[in-house]
Amino acid sequence: MEDKELVTSILKDKKTQAFSHIVKKYEAKVYSRVLSITKQGETAREVTQQTFIRVYQRLADWRGVELGPWITAIACHLSINHLEKEKRQRRTIDASRLEQPSEEYSAEHEERLVLIEQAIAKLAPDDRELIRLFYYHKVKTDEIARRTGLTQSNVLVRLHRIRERLKKQIGNERDE
């Protein structure tokens, strides 16, 4: 049976059994293509299965003579989408690992925090406010600029200069 006849019998005659012929005809080709993209056997099997589910759901949208190129295009899109989803998940996992603070306590770390707090307390009120908004409240520089009436560039420059002053001040206090 030709592809067009199979699709017609599935859509018009409601012969869903005919879809198994499509799967048998293209399954190896689709799996091979997906495997070449994903490079993982289990993933390729999952994406191949998703491909045929999508083909069945969208069979009425197919216009053509042979199903092969259309099915392969769907498989390629699903493979790429799967890889991008995995990549996003890895980035999320990596970011969550970075955000977790170290639970190890050290006297040196505690001493450094005290020095930083003391240095911040000695800053001018406007500078202290910039540090508080940016580091403690995680306010973005454009929002700080809006709140303070400064330009975003000015906020960035001031934050940089404040950090430099704090480094110097903390360095001097540690040397004493």
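Predicted model: local features only at pLDDT ≥ 70, side-chain atom pairs only at ≥ 80, totals over all residues.
View 1. Leaving aside residues up to four places away in sequence, Ile71 touches Ile22, Tyr26, Val30, Thr51, Phe52 and Val55. Ile71 is also among the residues with the most contacts inside the largest nonpolar core.

**View 2. The largest nonpolar core, with 20 residues.** Besides Ile71, the residues with the most contacts inside this core are Phe19, Ile22, Tyr26, Val30, Leu59 and Leu67. At least two core residues come from each of the helices α1, α2, α3 (41-57) and α4 (68-99). Helix α2 gives the most, with 5 residues.

**View 3. Packing of helix α1 on helix α2.** Helix α1 spans residues 3-11 and helix α2 spans residues 19-38. The two pack at an angle of about 145°, and their axes are 9 Å apart. On the α1 side, the contact is made by Asp3, Leu6, Val7 and Ile10; on the α2 side, by Phe19, His21, Ile22, Lys25 and Tyr26. By type, the residues of this contact divide into 6 nonpolar, 1 polar and 2 charged.

**View 4. Thr43 in helix α3.** Thr43 has a relative accessible area of 8%, which is under 20%, so Thr43 counts as buried. Its side chain makes a polar contact with the side chain of Gln40, at 2.7 Å. Not counting residues up to four places away in sequence, Thr43 touches Thr38, His82 and Glu86.

Note on methods: Residues numbered from 1 in each chain as written. Heavy atoms only, no water. Axes fitted to C-alpha atoms, helices over the stretch in contact; angles between N-to-C directions. Helix = DSSP H or I, 4+ residues; strand = E, 2+ residues; numbered from the N terminus. Contact = heavy atoms within 4.5 Å. Nonpolar A, V, L, I, M, F, W, Y, C, P; charged D, E, K, R; others polar. Core = buried A, V, L, I, M, F, W, Y, C linked by side-chain atoms within 4.5 Å. Buried < 20%, exposed > 50% of the residue type's maximum accessible area, 1.4 Å probe, protein only. Polar contact = N/O pair within 3.5 Å; in protein donor to acceptor, adjacent residues only side chain to side chain.
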